[in-house]
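Subject: Structure for you to look at

Hi,

Here is the structure I promised. Please open it next to this email and follow along.

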Amino acid sequence: MSYLKKIETGVRQIGNPCCYRHGDYVVKVSFADTDVTLEDRIKDSVLSGW
């Protein structure tokens, strides 16, 4: 299965990828108005041992 087809299938199963339930948790994605990039946040998380 191609990468794009996997994404399409996942979004179809989840519905709204910005707000969905994963087991007992509600996952809500939001974005802050900042100059810090997602890549910067991920690097910080990895370096902090999260």
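Which residues line the largest pocket? Val 29, Ser 30, Phe 31, Ala 32, Thr 34, Val 36, Thr 37, Leu 38 and Arg 41 do. Keep in mind that this is a predicted model. The space in the largest pocket is about 230 Å³. Sorted by class, its lining has five nonpolar residues, three polar ones and one charged one. Arg counts as charged, and Arg 41 is in the lining.

Now the overall layout. The chain has two helices and two strands. Read from the N terminus, the order is α-β-β-α. The chain is more spread out than a compact globule, because its radius of gyration is 14 Å, well over the 10 Å that the globule rule gives for 50 residues. Along the principal axes, the C-alpha atoms fill a box of roughly 30 × 30 × 25 Å.

Next, the surface. How much of the chain counts as buried? The figure is 0% of the 50 residues. To count as buried, a residue needs a relative accessible area under 20%. The accessible surface comes to about 5100 Å². Carbon and sulfur atoms account for 57% of that surface.

Then the cysteines. How many disulfides are there? The count is zero. Look at Cys 18 to see why: its closest cysteine sulfur is in Cys 19, 8.5 Å away, and that is too far for a bond. The cut-off for a disulfide is a sulfur pair within 2.5 Å. Cys 18 counts as partly exposed, because its relative accessibility is 38%. Cys 19 is partly exposed too, with a relative accessible area of 39%.

Start with Gln 13. It sits in helix α1, which covers residues 3–14. Is Gln 13 buried or exposed? Its relative accessibility is 67%, so Gln 13 counts as exposed.

Then take Met 1. Where is Met 1 found? It is in the segment before α1. Met 1 counts as exposed, because its relative accessibility is 71%. From Met 1 to Arg 21 there are 20 residues in sequence. In space, the C-alpha atoms of Met 1 and Arg 21 are 25 Å apart.

That is the tour. Write back with any questions.

Best wishes

Note on methods:
Residues numbered from 1 in each chain as written. Predicted model: local features only at pLDDT ≥ 70, side-chain atom pairs only at ≥ 80, totals over all residues. Heavy atoms only, no water. 1 Å grid on protein atoms, 1.4 Å probe; cavity = no way out; pocket = protein on both sides within 12 Å on 5 of 7 lines; lining within 4 Å. Points joined across faces, edges and corners; volume = space filled by probe spheres on them. Helix = DSSP H or I, 4+ residues; strand = E, 2+ residues; numbered from the N terminus. Rg over C-alpha atoms; globule rule 2.2 N^0.38 Å. Buried < 20%, exposed > 50% of the residue type's maximum accessible area, 1.4 Å probe, protein only. Areas by Shrake-Rupley, 256 points an atom, 1.4 Å probe, with all protein chains shown as cover.
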